[in-house]
Amino acid sequence: MVRYRPSLTTAAVAVVAAALSLTGCSSSSSKSAAGSSSSTSSASSPSASGSSAAAAASTASSSASAPPVRDPNTDLVIWADAQRAPVLQQFAQSFATANGISVSVQPVSTDLQSAYVTATAAGKGPDIVVGATDWIGNMVQNGAISPLPLTAAQKGAFETTALNAVTYNGQVYGIPYATENLALITNTGEAAANPATFEAMVANGQAAVKSGKASEALAMQIGQQGDPYTAQPLLGSAGGDIFGTKPDGSYDPSQVGVDNAGSKAFAAQLAKYGEKGQNVFKRSIDADNAVSLFTSGKTPYLISGPWSLEQIRKSGLKYAISPVPGFAGLGPAQPFVGVQAFYVSAKAKNTALAQEFTLNYLTRKDVEEALYKVDPRAPALTEAYNDVSKTDPDITAFQAAAAHGVVLPQIPAMSAVWGPLGIAEAAIVGGADPNTSMTNAANQIRAAIAKG
Amino acid sequence: MTALPSERLARLSWPRVVFVGLVVLFAVLTVPTLVDKHSWTGVTVTVAVTAILAYVYLTPKRIAARFLVPGTILLLAFQVYPIGYTIDTAFTNYGDGHRLSQSQAVAQIEADSVLEQPGAQRYELSVATKTADISGAFVFFLTDPNGKVERGDAAGLTPVPDSEVTKDQFTGKVITAAGWHILTGIQVNGLGQRLAAFEVPTGGGFIKSVGLSEAYVGQFTMKYDAAAKTMTDTRTGTVYKASDGEFKAVDGSGKTLPIGWKVGVGFKNFTSVLTNAAIRGPFLRVLVWTIAFAVLSVLSTFGLGLLLAVVMDHPRMRGRRLYSSLLLLPYAMPAFISTLVWASMYNKDFGLLNKLFGTHIDWLGSPWSARGSVLLTNLWLGFPYMFLVCAGLLQAVPQELKEVARVDGASPFRVFRSVTMPTVLIGAMPLLIASFGYNFNNFNVIRLLTDGAPYPSGSSTAGDTDILISYTYRLSFGGQGAQYGLASAISFLLFVLVGLISYAGFRQTRQLEEVYAR
């Protein structure tokens, strides 16, 4: 399974684990569930908080006991994760009313991607599924989604990165509706926003710690297993990459870059700022506590995405969003740019309606803007984005942070990367040798890709 | 003595009649759905089970079978069938990228390869039938960007003069056509897969519908040759040949097409467990820790549980009820929550434990402390159960025996060792073996607490706290998506392993019982 964003929120883990215990461990990796749900409300559970864990587990028991079943009573069925489903229901409803049909958006809280793939193979899946673009490779190889014939004009209306993210093997497989990427979020009460370099940021952060305003210079989630998604901006800054690209710009799984010079330069920085060095990167900071460290004022800097905005706004802190700073003398940071998209099932019972909904309704500017209003993320449609960015500086700031971003790989080989690269990252931060760790990780990734 | 039919009926008690009635009702409700899905095995099984149950419960004989049959049926359905299915899957490559059958995969590859003809125009589409309903054949009325209308069917395009149709003044979509019924959007959608498969051939490609009122000119870029079993990419000319559940390029470049299919692979999954260095390498290390984890978990929980039970059992102990209920709290809390709370308590910089003790222990960060932490959490989760069991078993120790021993001058410890312990052990042994089996596969606690971390240098497949089940889970579902074939093979091997250990354990118990019985 694709481990999209390995931010293991307690909620997602509990949910998946409950499912695992009930299904005899036959479901697939929890990491993808963590990734998908993190897109909307990631890292919302502060560590050591029994209440949030309790809430998580109660959803776990209720959702795990009922595997998703297609609603048989409506014309058009859409599956989305639990956070997004209620929001989408309103849109689907206005489409349904206009066309005189009924529609239902069903929330799937446990591992949506694999639930969808399995249900579709059994002929019990929905007509449309909503998810991140790194699912595409796996859904295509399982024959679960169909290409969408967009017109040239429709394609041209989307942001280039968004269109690239839904294009796989030369086909467009999804309708993108929002882009998301990491940025640096600063508590402006504790440190200066928009530091020019990573080094300057660390210096600011350490000054804040020294003056007693904060206890950590930076909150960048790593955890015991590492977190390559969050590490990617800095990996890119040091000149490293995960996969090389083919001449047409798509990722080439045969060119693993994890042990190239740039990636090793990044590893050296990991060690330098790791627990045995400056102690800025810490394995004790993970997806569960990174955002709460920031909102509780314990750190002036947080590397996170638009999904944590809601929590930060609620805290009432004065914050500013700027690009993740690159290392001094090296390139700019290159965060992954991920896209949320709608896909039409290859086994849809209502293909015509599903195509009509995705191709002709979701591609409308007013619809993308309305989607933004309920789920504030940068719209993928250029015109909608231009409108929205006039009133929401946070969206513009996140978009600016993606200026040097790279598309989150959709190829299935990516699932072989998250584990080894993350573990290498955690090991280096903990004091292991940077070079051998990266070499080992690269070798394991190559072996896993060759085997698959 | 033969019973009259009326007597026989009278002997039928009403619970039995109601039960058989419910079974028949279930069958009546299920069979039409199964027939609908052409699931003939399902129909046969349902009918056979219903017939057997009806026969056994409605005839006066077969009294023993009344007790045996339901259990046997449930055993077959929920134990034997899953095991059989697992073994069956273990001999296939079933998993991500190999979920479809070969014909499905071929169809999907071709469907996914359809590209819009470069520079081709789009049509406004109306779907029409001769009759008002959608059961019969249908045709396309296509309006090109210049307003020219054509009728398309499986044979090709026929020009339609403007006099026979009326068009929407803005889009040019055909609204009425002489002699045809134009379908509404819902009717078009109702055509379902028939519409999806419908193509109007044109020069070099075909016209396909997209959405409810649009059509485009597409062309395949992948062509399947059923005789040669090859797939040809018409853009590059690359030929892919079907082998081992996927299409491989014949030019030796090693390229494969993304969609594969399910095939039997013989013992490959089993042999890869033995030959693949990534699997075999850490296997012994993981196995040793798994056994250690299971044994230590059982011993520690049982030890603490027994100790507490003995303390509570003391006649002069006050407030026993209160203490007992407090001790049972960990058992009452859902283990998922406890484990996650423990995980956050172990956090080196922000965790409760280090803050409480003022220490800087990297609980989950170094191999031995992580193993200790796992055992500690598992002890906390598991001791209340053992406490309950032991408290019950202590009641069963004959008081006379204890008194006799005391009269004979035995010390309290001696009484405990020679009288109490053997009695408790006989009762507890099967539970201890069950507890061992449970902890041997205690996926949750490992997954939620450490997920195998920390990992030794150069291995991302097996961490220092991984037990066999969490390790194989990562192998089967971590690296390259879900590999159900491999997972099934490993599950089967684990099943055999746990079976053997349990068998040895139960033999041991029987010997124990014989010893004490003397």
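Begin with chain B as a whole, where buried residues make up 33% of the 518 residues, a residue being buried if 20 or more other C-beta atoms, placed from the backbone, lie within 10 Å of its own. This is a predicted model, in which local features need pLDDT of at least 70 and side-chain atom pairs count only at pLDDT 80 or more, while totals for chains, interfaces and linings use all residues. Residues are numbered from 1 along each chain as its sequence is written, and chains are lettered from A, with ligands numbered from 1, in the order in which they are written.

Still with chain B selected, its secondary structure comes to 20 helices and 15 strands, these being DSSP runs numbered from the N terminus (helices H or I, at least four residues; strands E, at least two).

Next, select residues 138–143 and 149–153 of chain B, the strands β3(B) and β4(B), which pair in the antiparallel sense over four bridges; pairing requires that DSSP finds at least two bridges between two strands. Phe140(B) has Gly152(B) in β4(B) as its bridge partner, and in the turn of this hairpin, which has five residues between the strands, Gly147(B) has a positive phi of about 90°.

Finally, select Ile445(A), which, leaving aside its neighbours within four places in sequence, is in contact (C-beta atoms within 7 Å) with Val256(A), Val258(A), Ala416(A), Val417(A) and Pro420(A).

Terms used: Contact = placed C-beta atoms within 7 Å. Buried ≥ 20, exposed ≤ 12 C-beta atoms within 10 Å, placed from the backbone.
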